[in-house]
Amino acid sequence: FGKRVARYASSPMAPAGSARLPPDSALHGAVSRAARGGRVAFLVFANRGFAPLLTNLLCSLARFDLDAQTVAIGSSAQLCGVLANVSSAACVTLAEVPHALSSVRPNQQAASWGDDDYRTLTATKFSVFTAIVGAGFDVALLDADVVLAADPRPELHRIIASGADVANMVN
């Protein structure tokens, strides 16, 4: 796959400056392992309130042997411990995400659509996603409340081969 270039757009919710992914960070290491051999890495964020949904997503990824290509960013070590019992996906806690990329409160259960916590979580997701793409990785950002019914690789290969930098799917 070709090298992707991340472009940063200013937003009132975005962290100050252009967040970068330090090569010695736990997140960089986890994504490097997930994307080994030019594979697309799957990235998902979850707090405690989404643990059951995230477990379902990870099980659906495992059906297609994709859980080792997945990096979950969990709100706490406790959540990462739960995930370790059900999946081979890597889990990095928010505490291990470079500070400039994370401003989410790790102990919140879930955020309601549109409230300040939701906007903060969304801004953090895209800040981290942009930093990972900027580090040269191909990444698919998944929501914790989805389940894959089919292997996504053929569609991902088609999208990447088309030269697209960004693709979006709505359900």
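Which residues have the most contacts inside the largest nonpolar core? Select Phe-42, Val-44, Leu-54, Leu-57, Leu-58, Leu-61 and Leu-83; the core they belong to has 21 residues. A nonpolar core here is a set of buried Ala, Val, Leu, Ile, Met, Phe, Trp, Tyr and Cys residues joined through side-chain atoms within 4.5 Å. Buried means under 20% relative accessible area, exposed over 50%, and partly exposed in between, with a 1.4 Å probe and protein chains only.

The model is predicted, so local features need pLDDT of at least 70 and side-chain atom pairs count only at pLDDT 80 or more, while totals for chains, interfaces and linings use all residues. Residues are numbered from 1 along each chain as its sequence is written, and side-chain values use heavy atoms, with hydrogens and water left out.

Helices (H or I, at least four residues) and strands (E, at least two) are DSSP runs, numbered from the N terminus. H2 gives the most to this core, namely five residues.

Now centre on Leu-57. Leaving aside residues up to four places away in sequence, Leu-57 touches Val-44, Leu-142, Asp-143, Ala-144 and Val-146; contact means heavy atoms within 4.5 Å.

Four of them form an open sheet in the order S3-S2-S1-S4, with parallel pairing. Two strands pair if DSSP finds at least two bridges between them. S3 (90-93) and S4 stand at the edges with a single partner strand each, so one side of each has no neighbour in the sheet. On average, neighbouring strands are turned by 25° against each other, direction ignored. Axes are lines fitted to C-alpha atoms, for helices over the stretch in contact, and angles run from 0 to 180 degrees between N-to-C directions.

Step through the pairs:

- S1 and S4 are joined in the parallel sense over four bridges; select Leu-43, which stands opposite Leu-141 in S4.
- S1 and S2 run parallel and are joined by five bridges; here Ala-46 has Gly-74 in S2 as its bridge partner.
- S2 and S3 run parallel with four bridges; Ala-72 stands opposite Cys-91 in S3.

What points each way from S2? Thr-70, Ala-72 and Gly-74 point one way, Val-71 and Ile-73 the other way, and all are buried. With five of its five residues buried, S2 is therefore largely enclosed by the rest of the structure.

**Salt bridges**

How many salt bridges does a search of the whole structure find? The search finds three; a salt bridge is a side-chain nitrogen of Lys or Arg within 4 Å of a carboxyl oxygen of Asp or Glu.

Select Lys-125 and Asp-143, whose closest N and O atoms are 3.2 Å apart. Lys-125 lies in helix H4 (residues 116-134) and Asp-143 in the loop between S4 and H5, so the pair ties together parts that are 18 residues apart in sequence. Lys-125 is buried at 16% relative accessible area, whereas Asp-143 is partly exposed at 39%.

Next, select Asp-151 and Arg-153, which meet in a salt bridge at 2.7 Å, N to O. Asp-151 is partly exposed at 29% relative accessibility, and Arg-153 is partly exposed at 27%.

Then go to Arg-158 and Glu-155, with closest N and O atoms 2.5 Å apart. Both lie in H5, three residues apart, about one turn of the helix. Glu-155 is partly exposed at 39% relative accessibility.

**Last stop**

Select Asp-65 in the loop between H2 and S2. Its phi is near 55°, a positive value in a residue other than glycine. Most residues other than glycine have a negative phi. Asp-65 is exposed, with a relative accessible area of 61%.
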